[in-house]
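Visitor: I'd like a close look at one part of this model, the place where the two chains meet. Could you walk me through it?

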Amino acid sequence: MRLRALFAIGALPALGASSPTFNRDIAPIVFSHCATCHRPGEAAPFSLLTYADAQKRATQIAALTSSRFMPPWLPEPGKGDFANERRLSASQIRTIRQWAAQGAPEGNPADLPPQPKFVEGWQLGAPDMIVTLDKPYTLAASGSDVFRNFVFRPAVNATRYVRAVEVRPGNKKIVHHANVLIDRSGSSRLRDGQDGAPGFDGMDVKIETQTFDPDSHFLFWKPGTSYSEEPKDMAWRLDPGTDLVLNMHLQPSGKAESLQPSIGLYFTDQAPTRFPMLVQLEHDGALDIPAGRVDFVVKDWLKLPVDVDLLGIYPHAHYLGKDLQGLATLPDGSTRWLIHIPDWDINWQAVYRYKKPLFLPKGTVISMRYTYDNSAQNPRNPSHPPKRVGNGDKSTDEMAHLWLQVLPRSAPDQRMILQESVMRRRLEKYPSDFLAHYSLGALLQAQSMPGEAAEYYRRALLARPGSATVHNALGATLLSGGKAKEAMAEFQQALRLEPGYSNAHYNAARVFLAEERFGDAIEHLRAVIRIDPRDVPALSDLGAAMMATGQTDESIRYLHEAVRLRPDYFNARYNLGQVLAEIGKVDEAASEFRAALKLQPEDADSREALRKIGRE
Amino acid sequence: MRRAFSIAVLAWGIFASSAVLTTLDGRRVDPLANTGAKAVVLLFTRSDCPISNRYAPEVERLYEQFAARGFVFWLVYVDRTESENNIRKHVREFGYRFGALLDRKHELVSLAKPVVTPEAAVYARGQLVYRGRIDNRYVAFGKARQAATEHDLEKVLEEVAAGRTVQPKTTRAIGCFIEDLK
């Protein structure tokens, strides 16, 4: 060992025989590879900015860099080319070890490079909006790690596009990582605070949405990396009512700690024109790991139906995960490593972004292969003695996930094609799966294939008979296939299961309107408005139904409200024109029809209406 | 075959020489002087070592359990230069309720020979009967169990409390190297 070190020095003529010093050899390494975390206010337990800082821990630094515990970096080099790679080279590690062994000398002050400069506070400048947890959360002094989810409700009153997100954990010393999830369903807020403390427990959060809105971005915090910034044309949509869920991994420090995280949002006016999507390889269903097994393997794969660029990757397992691999097999049969983590450590889990997008042509098979160690020899095993482990969101359960952020290459938006492949693959893994059947139903419905869509919805109902969502979706599909009567039965079933289901009321009203049963339609539309007084399509239809039953004043009132809320909603303009024409307010009617024509220049009905009142 | 920790037998008959140190509240004491205590437990620590800090609740638990049974506990701060104010703040924040010694000249370090913080040394009737880890929660730096499965220090204290003759032993502790503070 000593001999090799001497050779290494001998090979560097500029250094001659002198041994490494802090000022000349160690400071450059520490400033570039350690100081992002090891400085005041950051996640690491002490600063590494001065000679005194480093000298006091020289042996420790040598030991931890040699074992590659520091700087934290899990992926094997050469298997995926990642941005901001933190690994030290073998020669850097050797230099540190030598320096420590020789008494950690300071060296010549003239050799010391200037200290690195860091931005204080928000790294991207003042955010456009900051949301902060109402009340601090208290983490106990001791015990095992805690996985907690905090719900934030950004108060936007119109759709905004988010170009960057920065998380300020509030107490970095106890946070291992944090993940921002977008909840458009409102399901997380129902779980918030149920146990008396802010947020709710769970390592992984499942959010089911009713619309096609696949997750698209990794919004991740880890020590030393506080924000995620997107390219200008790849912002994500934040609608009024959307919640953000901050999923945090917390580690007790030895004293009770208080935590009050904030999220900073940076907006842009530019709506996205490129739409990435998070594709998940997983096989949680195969996780049934016998106690004592050291090499339980879980695999999954997906054949890509379109050309994509791979932007980032996020492997995820819990404490039993040992060796995590991601691979791509190209159509020509050649293989490419996407990532390989040979010694998985959930404490340092992270999203890895590729330096350059990795092109994966249509027909590429992406695959994962995870190995789990459920023996007593795995010190991280949370169960002692080991017990049989299945999938779940507790730390004693396991997961097998590999998330990939992909950007389909060609326009128009090809995410639906991708999603269809994901769901068909899911059906192969889970033949009676609810989510796969429901999603395929929705995808086929969106492609105007009502017959096929209805088939998938019916199978989704076999998996989950009481689902009001599926009854309603099935009804909508039947309606678009011209089967009004069967559709109505589904809407009514949805409403029996969930009397306050706004969309089912609306759909039922549409059937009654088509059958000119205006009284019944009005009843359902009023139910919609009671739930959301700003529901513009319902206001517009209600106006139309009122007009048909001669309740002109009320009709005008609802239609005005609809136009006020959404001046670009064609139906409201047209309906309002009709009522106004009927009561002889010809000028006002004409201006509504013209507004309608501006929105849909080809609309023959509006033209005809204008002609009728002599205002062509 | 695999051993969770290594056991080395310490030489018998070596009685602790005395060392007079200053306590955090300014008194001069010899922690190893014969005061009739069943045993003296030294816990080597420093304020900027995260592993040491994470052990604070466990150390407190052992203190609760054994102080009433005639054991004396001392925290031994091994940083030569850290200000007393800082140390006082540390003791308060982590809720330690027993005395702290400032081992500025590493006198206790030379006697008990701990390698890292946190590490424990147990003296029974003037003799070092245990030196090493508190428990086996940490396996290596960055590799930890969710909870310890071997409570080495507690076991030794139980044996001493029961009046049994204790085979002196050492175990390897994981933590921050004291050598760096030389």
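This is a predicted model: local features need pLDDT of at least 70, side-chain atom pairs count only at pLDDT 80 or more; totals for chains, interfaces and linings use all residues.

Guide: Let's start with who takes part: chain B brings 26 residues to the contact, and chain A brings 29. Putting the two chains together buries about 2400 Å², and carbon and sulfur atoms give 51% of that area. Charges meet here too, with three salt bridges counted between chain B and chain A. In a salt bridge you can look up yourself, the side chain of A:K56 meets that of B:D79, with 2.7 Å from N to O.

Now for the side of chain B that touches chain A. The elements giving two or more residues to it are the helices α1 (50–54) and α2 (56–67), plus the strands β11 (143–144) and β13 (176–177). The largest share comes from α1(B), with three residues. Sorted by class, this side of chain B has 10 nonpolar, five polar and 11 charged residues.

Stepping back, chain B as a whole has five helices and 13 strands. Its radius of gyration is 15 Å, close to the 16 Å that the globule rule gives for 182 residues, so chain B is as compact as a globular protein of that length. Its C-alpha atoms fill a box of roughly 45 × 40 × 30 Å along the principal axes. Of the 182 residues in chain B, 53% are buried. And if you take the contacts in chain B between residues at least 6 apart in sequence, 73% join residues at least 24 apart.

Technical notes. Residues are numbered from 1 along each chain as its sequence is written. Chains are lettered from A and ligands numbered from 1 in the order in which they are written. Side-chain values use heavy atoms; hydrogens and water are left out. Contact means heavy atoms within 4.5 Å. Buried area is the accessible area (1.4 Å probe) that two parts lose on being put together, summed over both. A salt bridge is a side-chain nitrogen of Lys or Arg within 4 Å of a carboxyl oxygen of Asp or Glu. Helices (H or I, at least four residues) and strands (E, at least two) are DSSP runs, numbered from the N terminus. Ala, Val, Leu, Ile, Met, Phe, Trp, Tyr, Cys and Pro count as nonpolar, Asp, Glu, Lys and Arg as charged, and the others, Gly among them, as polar. The radius of gyration is taken over C-alpha atoms; the globule rule is 2.2 Å times the number of residues to the power 0.38. Buried means under 20% relative accessible area, exposed over 50%, partly exposed in between (1.4 Å probe, protein chains only).
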